[in-house]
Amino acid sequence: MRDMGWAIVTGASGGMGAAFTRALAQRGHRVLAVARSAERIARVAADVKKNGGLVETLAVDLASAAGVAAVVDRARALGDIELLVNNAGLSTSGHFLQQSPEREIESIHVNVEALYTLTRRIVPAMVARKHGGILNIASIVAFQAIPYWTTYAATKAFVLAFGEGLSYELRDSGVRVVTVCPGFTRTGLYADTGVPGLAGRKSCALPSLRMTRGAWFASSG
Ligand SMILES: NC(=O)c1ccc[n+]([C@@H]2O[C@H](COP(=O)([O-])OP(=O)(O)OC[C@H]3O[C@@H](n4cnc5c(N)ncnc54)[C@H](OP(=O)(O)O)[C@@H]3O)[C@@H](O)[C@H]2O)c1
């Protein structure tokens, strides 16, 4: 199989990140799979290796600056990064005043700050060699305010606006920036949010994508 170079996938321990990890490995990428749960990313990695793929794992908390710095350090040690998939994310839902501020701030750290910092640290080398890609996972909720999903929707509005702006700025650089806006997909995301019908299932297939307004929409299978 042709070597497609290193891809970094955050949130690779389940849901869409595990699906991206498997799909990219199948396409010939060496994958650095990042998430908090060492045990769950090891399971994904074992599956990838069984199918002949090449994967390394890194168990870090992307809500912490140290965790994000560990990914940047590992990326430098690996060499050229062809693709960064900023997929890790978490959602809160319900009345704003009933949310745990700590959990909502954690979501801002992971959904916004980690995505920004990884992009900021990894893109310059891509631009220098005029090749690479960033895939940011926003959401259908990125397009307007969503009461009772107020903070989550606001984090995803950042991801979409950031991705669209960066895509334009880098249009002649050889680096592609693509933002995916999935609709509801049965993963672990809603396991603890109580959204009816979405809790419980933790696996997903890669969604099919369609382009609209410079962003990609995903419809889940
Ligand atoms: N499911 C949907 O309907 C839907 C719709 C639109 C957008 N999205 C977005 O799609 C992306 C993937 O979510 P998913 O649906 O696949 O949910 P998921 O199954 O819950 O996966 C989320 C991933 O993020 C990782 N993660 C969470 N907090 C982390 C932290 N502090 N540090 C490192 N990794 C962390 C989790 O791993 P650990 O727990 O092991 O750390 C897990 O691998 C998210 O950005 C989500 O917002 C999902």
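Axes are here lines fitted to C-alpha atoms, for helices over the stretch in contact, and angles run from 0 to 180 degrees between N-to-C directions. In this predicted model, helix α3, formed by residues 65-78, packs with helix α4, formed by residues 101-128, at an angle of about 25°, and their axes lie 10 Å apart. Because angles under 35 degrees count as roughly parallel, α3 is described as roughly parallel to α4. The crossing of these two helices, α3 and α4, is right-handed. On the α3 side the contact involves V68, V71, V72, A75 and R76, which meet A114, T117, L118, R121 and I122 of α4. By residue class, the contact of α3 with α4 comprises seven nonpolar residues, one polar residue and two charged residues.

Helix α4 also packs with helix α5, which spans residues 150-169, and here the axes come within 9 Å and cross at roughly 10°. The two helices α4 and α5 are therefore likewise roughly parallel to each other. From α4, the residues E104, S107, I108, N111, V112, L115, Y116 and T119 take part in this contact, while α5 contributes T151, Y152, T155, K156, F158, V159, F162 and L166. The residues of the contact of α4 with α5 are divided into nine nonpolar, five polar and two charged.

A further pair is formed by helix α1, residues 15-26, and helix α2, residues 38-50, whose axes come within 10 Å and cross at roughly 20°. This pair, α1 and α2, is therefore also roughly parallel, and the crossing of α1 and α2 is right-handed. In their contact, A18, T21, R22 and A25 of α1 meet V44, D47 and V48 of α2. Four nonpolar residues, one polar residue and two charged residues make up the contact of α1 with α2.

The ligand is surrounded by 32 residues, of which the closest are R36, N87, Y152, T185 and T187. Of these, Y152 is also listed among the α5 residues that take part in the contact with α4. For N87, a backbone N or O atom lies 2.7 Å from an oxygen atom of the ligand. A backbone N or O atom of M16 is likewise placed 2.8 Å from a ligand oxygen atom. In the case of S13, by contrast, an N or O atom of the side chain is found 2.8 Å from an oxygen atom of the ligand.

Methods:
Residues numbered from 1 in each chain as written. Predicted model: local features only at pLDDT ≥ 70, side-chain atom pairs only at ≥ 80, totals over all residues. Heavy atoms only, no water. Helix = DSSP H or I, 4+ residues; strand = E, 2+ residues; numbered from the N terminus. Parallel < 35°, antiparallel > 145°, perpendicular 65-115°, else oblique. Left-handed = near helix turned anticlockwise from the far one by under 90°. Contact = heavy atoms within 4.5 Å. Nonpolar A, V, L, I, M, F, W, Y, C, P; charged D, E, K, R; others polar. Near = heavy atom within 4 Å. Polar contact = N/O pair within 3.5 Å; in protein donor to acceptor, adjacent residues only side chain to side chain.
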